[in-house]
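These are my notebook entries on one structure. I wrote down what I looked up, entry by entry.

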Amino acid sequence: MDLSKLTIHDLHELLIKKEVTSREITETLFQRIKEVDRKIQAYLLLTEEEAFRQAERIDHKIRQGERIGDLAGIPIALKDILCTKGIRTTCASKILANYIPFYDATVIQKLKREGVVFLGKLNMDEFAMGSSTENSGFQITRNPWNLERIPGGSSGGSAAAVASDECIAALGTDTGGSIRQPASCCGVVGMKPTYGRVSRYGLVAFASSLDQIGPITKDVTDCAIMMNAISGYDPLDSTSVPREVPDYKQFLIQEIKGIRIGIPKEYFIEGMDPEVEKSIWEAIELYRSLGAEIENISLPHTEYAVAVYYIICTAEASSNLARYDGVKYGFRSAEYEDLLEMYMQTRAKGFGQEVKRRIILGTYVLSAGYYEAYYRKASQVRTLMRSDFEEAFRKVDVILSPTAPTPAFRIGEKVDDPLQMYLSDIHTIPVNLAGIPAISIPCGFSKDGLPIGLQLMGRHFDEGTLLRVAYTFEQNTDFHLKKPNLS
Amino acid sequence: MEYEPVIGLEVHAQLLTRSKIFCGCSTSFGEEPNTQTCPVCTGQPGSLPVVNRKAVEFAIRLGLATHCRIAPFSLFARKNYFYPDLPKGYQISMYEHPLAENGFIEITVNGIKKRIRIIRIHMEEDAGKLKHGETPEKFPYSYVDFNRTGVPLVEIVSGPDIRSPQEAGEYLRRLRAILQYLEICTGDMEKGTFRCDANVSVRPVGQKEFGTRTELKNMNSFKHVEKALEYEIKRQIELLRSGEEVIQETRLFDANTGMTVSMRGKEEAHDYRYFPDPDLVPLRIDERWIEEIRAGLPELPDQKKERFIQQYQIPEYDAEILTSSKAMAKYFEETVALFPEPKVVSNWMMVELLRELKRDEREIDQCPITPRHLAGMLILIKNGTISGKIAKDVFEEMYRTGEEAEKIVKERGWVQILDRGEIERAIEQVIEAYTKQVDEYRKGKEKIFGFLVGEVMKKTRGKANPQLVNELLKKKLKE
């Protein structure tokens, strides 16, 4: 039995039955990382010593006969955008290459309390800006299903690590699709929770009104377990919502009779990959056969989503990234004569192309004379898009769409065409703008053997229904059980 | 052509909360650099602000005390600019939706009452402090201290209603008094807990449109504000008179020269790119909370002034000065409680006490004479133990030593002479010594009387009771 191939809930069973130890699992994972990460390049940093210390602590507890939670002793890895006390956190940016936070993100504290074993920090697009992880300041992560392909982004390291069994589960962050699109590309499960469900404290901000932390896992059950651990109000995050968190495992039921699934016509666009379209329609048919009611719906403002998104996210980013000025921490250019030059040299050398592009765009849309035309207008359209969803959710319980218009594209294919790159998030962006939850689950493979993802969107704080609908699909298919061949 | 100035003031006041506006760090002043800091106030990646409820309450108090409308919905916004003392690269402030709007403060200048409008009051966070190395060779670095970063501020923006440097000074004193009465700010300009920038323009008297304005910064005392305004008004008028134009710019006041110098022009003005801070939810302030705060407001300067006029029957001028600070009003009331002649107390405070304090640049709460001591001295005057003249010496001794009047009077033998015999002996000596003057008086030159009284006082080293001297001398001269 290869422990690295198992899920959280498999391993938990083995741990409480004392058939394996957390140490054994952890050893297996580091062994696996050593074998395959040369090819995948998912990890930026391994925290082996602390991982084994934690594994020992959990094993000790188990030996003492103490009850342990679902995540105790389970090796998990983190997108390198989550602040970890005493452990380098870079956002895959040269400007933070030497940054060691002196505090833990709230989700890290929560997972520590659960007894999670942290394996290390995972690659991503610099400051989560990108859809392919090619914008990392350090390395290019490969798609485990085809090493010439991108793993998606920005949480490409997280999705690739889960898909290649280099960790049991991972945390990612999603601003415009950065959990769901890589999960789709890598054939794993990824959930973006409702905005406000998970504390953002300690998540290095890209676009504050859109960012949300979420799990990337091997199946829907693990997703529910992770959601249980990370959700909840945090007094340190004013935008987190004081609302009771249900036990998400209770939604893992195979029963969707009467559930109304909406199919938004605006999401079935020209240029959509025919294989993706075929898989999605097969999924819809499966749901119909399982007793769901399929309804055609409209989300009329969808066409503005990408434009609105790139105004709001760049505006917020231009302000959020102002703190990287070389004064307090991180990289500082050595070549400067005065303060202004220190700022300019530091930021010119410390940030990558895409980050600079977005800072410039964001600065522009907030400038005097342009604010009304861009930022304010975008905020207004965003409100309309939110109403689109509210309207739709009066008629249906979940909305179904492809996660991405195509399977994973080739490395280098869209690097020089930012607009094409931006369009790969066309199905995921509206969810962030509306603040609703969504999940991506595997729903098929292309002829080339590349995974295809299905996106389910739900009402605010109704992650439960998403899990139920996703779980039902998973129980009736075996896409999630397929593994890439990495030998 | 006659010109008149148009002045608007922007005041930043540090709020006296124990913790900072967006994190739990202490606001304690004068600590070791960077010891009162955390991930939030040093702008660490991933940190998030949470609004301090007490700071909001303090700002609402000020809004109510200045007759503002408290907005049911206000919004924190980011003001973006780069500076090393600003760790996030933006300051969290308020822009489109300030906390309070449309209030006023009433001032009195040269006996004329006037309302200065308050356009808006908003909340924001303070920046850190920079410390620069002494010389580039020896110490080529600059250092940042983030202890002050995130200390809550309110910014109070007046209308362009102020027409003279005195009015500006009066407005600032009144505003400071309100802040102090509310116990939400120490109001110390030298220490920077109360800061003022001024917008100034001039226009021909009678013209409605405003002239081109300049913004004045770097004024660290009330005196600086008045001086800077005087200089700037004069400068602008001279420019216009000589046919030149005022340039819209920011100017710094130099306390050493008393002049203002250009800092940056309009072209170099920052574009702050304000937008709503997505890390903070809108502030929704319900009517109940506002009423709760209103009910808890202390008596404010204007109310206290009215009460003083009514209750103590003192002139408005006295009441205005005695209520100019909470400490002053308290001193007055404590003294009156022990010596219930308000006008007498007021006179002593406004003349003697304020003169001494002003000379030593002391605040009234640092006064060596306590209200009990002052009342004690006034009792000695009243019961005739000392004369009013001697009282002035006693007062100075009290101020110098911090001792009670009774002790000083006893130790120095300054008790008033009430013994008729003793005074008569002195009078006889004076009449003998000044026969010529006595003759002139008796011939009808009544002015001489004062001189003779003075001589008798001299003889008794000022200790004779003046009424008795008058009475007995008159009697003697008629003989």
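**Entry 1: Leu380(B)**

I looked up the contacts of Leu380(B), leaving out residues up to four places away in sequence, and found Thr385(B), Ile386(B), Ala405(B), Glu406(B) and Val409(B). Contact here means heavy atoms within 4.5 Å. The model is predicted, so local features need pLDDT of at least 70 and side-chain atom pairs count only at pLDDT 80 or more, while totals for chains, interfaces and linings use all residues.

Leu380(B) sits in helix H9 of chain B; helices (H or I, at least four residues) and strands (E, at least two) are DSSP runs numbered from the N terminus. Leu380(B) counts as buried because its relative accessibility is 7%. The cut-offs are under 20% relative accessible area for buried, over 50% for exposed and partly exposed in between, with a 1.4 Å probe and protein chains only. I also noted Ala391(B), eleven residues from Leu380(B) in sequence and 8.6 Å away, C-alpha to C-alpha.

**Entry 2: Gln44(B)**

I found Gln44(B) in the loop between strand S1 (3-14) and helix H1 (53-65) of chain B. Why does Gln44(B) count as buried? Its relative accessibility is 6%. Neighbours within four places in sequence aside, Gln44(B) is in contact with Tyr99(A), Phe102(A), Tyr103(A), Arg323(A), Tyr329(A) and Pro39(B).

**Entry 3: helix H4 of chain A**

After H4(A) comes Gly115(A), with a positive phi near 85°.

**Entry 4: salt bridges**

I counted 76 salt bridges over all chains, taking a side-chain nitrogen of Lys or Arg within 4 Å of a carboxyl oxygen of Asp or Glu. I then looked at single pairs.

Lys114(B) and Glu167(B) form a salt bridge, with the closest N and O atoms 2.8 Å apart. Lys114(B) lies in strand S7 (residues 112-125) and Glu167(B) in helix H2 (residues 165-181) of chain B, so the pair ties together parts 53 residues apart in sequence. Lys114(B) is partly exposed at 24% relative accessibility, and Glu167(B) is buried at 12%.

Glu249(B) pairs with Arg251(B) at 2.6 Å between the closest N and O atoms. Glu249(B) is buried at 12%, and Arg251(B) is buried at 7%.

Arg355(B) and Glu352(B) meet in a salt bridge of 2.9 Å, N to O. Both lie in helix H8 of chain B, three residues apart, about one turn of the helix. An α-helix has 3.6 residues a turn, so residues three or four places apart point the same way. Arg355(B) is partly exposed at 41%, whereas Glu352(B) is buried at 8%.

I also recorded a network of salt bridges that links Lys113(B), Arg174(B), Asp302(B), Lys305(B), Glu316(B) and Glu320(B).

**Entry 5: a charged patch**

Which residues form the negative surface patch? I found Glu190(B), Glu361(B), Glu363(B) and Asp365(B). Patch residues have over 30% relative accessible area and no salt bridge, and like charges are joined within 9 Å. Asp and Glu count as negative, and the charge is placed at CG of Asp or CD of Glu. Areas come from the Shrake-Rupley method with a 1.4 Å probe.

Asp365(B) lies in the loop between helix H8 (342-359) and helix H9 (371-382) of chain B. Asp365(B) counts as exposed because its relative accessible area is 61%.

Terms used
Residues are numbered from 1 along each chain as its sequence is written. Chains are lettered from A and ligands numbered from 1 in the order in which they are written. Side-chain values use heavy atoms; hydrogens and water are left out. Patches are made of residues with over 30% relative accessible area and no salt bridge: like charges are joined within 9 Å, nonpolar side chains (Val, Leu, Ile, Met, Phe, Trp, Tyr) within 5 Å.
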